[in-house]
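Colleague: I am new to this one. Please show me how to read its features, one at a time.

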Amino acid sequence: MIRALGLTILTLALAMLPAGAIAQDQIIRVGNLLTDADAQPSGPATIIVRDGRIAEIRRGPDAAYDAVATIIDLSTKTVMPGMIDLHVHLTGDPGGDFWKATTEPAEWGVVVGAKNALVTAKAGFTTVREAGSSQYSAFSLRRGTAEGIIPGPRIIAAGPALAIVGGHGDVSGFTEEVNDLLTGGYSCTGAVECAAKVRKASRAGSDIIKITATGGVLSQQGRGLDTQFTSEEMQSIADTAHSLGLKVMAHAHGARGIEAAARAGIDTIDHGTFADEAALRVMKDKGTVLIPTLMAFKGVSERLDKGIYTPVVEEKIRMTMGRVGKAVTLAKKLGVPIAFGTDAGVFNHGRNAEELQLMVDAGLTPREAIASATTIAAKTLDMDQEIGRIAIGYSADLIAFDGNPLDDVRTLETVDWVMVRGRVID
Ligand SMILES: [Zn+2]
């Protein structure tokens with residue numbers, strides 16, 4: 001009886017709608033539509049979003065749906081696909097106070113991450129790749145934004161990163177007894193143990209395997225910025241991950257570490273600071289993607305000489321200065337694919353789009369920079385049938401702003417409206 005009544009009400013409701021429309025449709029009136037980094041802005045359009053996906057795109061304004069659907073008026077704005085940042089650390093904020101590893105539980109990362117997920121989405125980023133978090137905090141965050149419990153981008157999460165014992169990504173800087181207590185259990189030695197840690201990360205829920213292939217700037221280890229894992233270990237990590245259907249992202253600064261990681265079949269080189277021609281040629285041959293994270297260097301240089309970082313970290317920051325952006329210029333010349341990533345968390349979350357101008361300064365055209373943050377980033381995630389463009393059937397991941405980003409990418413530093421998977425972020 002109740003069921004029959006429910007059906008009657010539904011039937012009546014449907015009878016009142018124009019053909020093809022259902023009540024939860026969102027009708028977005030667009031002033032200037034940029035569907036894709038390869039296209040030109042094409043003027044006014046109407047986008048119809050249904051169940052979180054782009055159901056229709058009509059050129060020009062369309063008033064047919066006014067009575068029955070949620071209308072979102074962006075008729076004075078440019079609308080393009082939401083951007084993708086392939087290297088963020090949502091669960092952390094900038095700080096040189098490494099001792100907090102002893103006082104802040106991993107759960108705190110979820111609270112910080114919820115705040116940063118909102119900030120990141122509001123900055124126009126509708127998908128992020130979480131590039132390493134305190135234990136499993138990023139996995140809870142991933143579920144929170146997917147289910148719409150907390151507002152934020154779609155999260156592709158690495159979870160805990162694999163490191164060598166005492167290397168970048170492992171714990172260092174404390175007494176050895178404390179280092180032992182704080183280590184996350186994802187450091188490894190030798191091909192067999194490293195394969196086991198990849199499988200453990202997969203079991204824990206990693207979408208991608210993150211490794212620290214070389215030394216890094218913000219850890220307390222003072223052994224430079226080149227190779228840490230052996231080639232055999234990296235080969236084992238890449239082969240094991242690929243056998244599980246997972247890609248590998250490598251934090252890498254030094255040229256020989258980059259070259260070895262690419263040769264092992266690791267999928268993306270993040271930072272890539274000292275990449276030379278030999279390293280980039282191997283990347284080109286292997287199809288390895290460079291993710292420059294130029295904002296990371298801007299972020300740490302803004303905080304230099306302020307007593308924020310320890311002397312060992314300050315020294316490593318100075319090693320990278322004067323190098324920043326050079327790998328991007330050379331990578332473009334050699335035809336190495338370049339995708340967008342920032343290392344947000346090293347600088348304040350929400351500034352991610354400033355990376356675009358830094359890429360342009362390093363020699364990319366505005367169109368190439370925008371492609372790096374949309375179509376190329378989507379392809380790097382193997383999600384190019386889901387995100388990165390505005391097309392029928394794609395996830396409704398949209399942003400609105402003033403101006404034409406193909407003329408000036410800095411227009412994307414001020415985004416006025418964001419939708420992730422059909423949900424308006426506010
Ligand atoms: Zn990072």
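Modeller: Start with burial. Buried means under 20% relative accessible area, exposed means over 50%, and partly exposed lies in between, with a 1.4 Å probe and protein chains only. Here, Asp-397 and Arg-154 are both buried.

Colleague: What should I know about the model itself?

Modeller: This is a predicted model, where local features need pLDDT of at least 70, side-chain atom pairs count only at pLDDT 80 or more, and totals for chains, interfaces and linings use all residues. Residues are numbered from 1 along each chain as its sequence is written, and side-chain values use heavy atoms, leaving out hydrogens and water.

Colleague: How many salt bridges does the structure hold?

Modeller: First the idea. A salt bridge is a side-chain nitrogen of Lys or Arg within 4 Å of a carboxyl oxygen of Asp or Glu. The structure holds 25 of them. One joins Asp-397 to Arg-154, with the closest N and O atoms 2.6 Å apart.

Colleague: Which residues join into one network through shared partners?

Modeller: Asp-25, Arg-50, Glu-56 and Arg-58 do, by salt bridges that share partners.

Colleague: Take the bridge between Asp-416 and Lys-77. Is Lys-77 buried or exposed?

Modeller: Their side chains meet at 3.0 Å, N to O. Asp-416 lies in the loop between strand 12 (398-401) and strand 13 (417-420), and Lys-77 in strand 4 (residues 70-81), 339 residues away. Lys-77 has a relative accessible area of 18%, so Lys-77 counts as buried. Asp-416 is partly exposed because its relative accessibility is 41%.

Colleague: Which residues coordinate the zinc ion?

Modeller: Donors are N, O and S atoms within 2.8 Å of the metal (3.2 Å for Na, K and Ca); water is not among the atoms, so sites may look incomplete. The zinc ion is coordinated by His-87 (NE2), His-89 (NE2) and Asp-343 (OD), at 2.1 to 2.2 Å. Their spacing along the chain is H-x1-H-x253-D. His-87 belongs to strand 5 (residues 83-88), and Asp-343 to the loop between helix 11 (326-334) and helix 12 (354-361), 256 residues apart.

Colleague: Why does His-87 count as buried?

Modeller: Because its relative accessibility is 1%. Asp-343 is buried too, at 8%.

Terms used
Helices (H or I, at least four residues) and strands (E, at least two) are DSSP runs, numbered from the N terminus.
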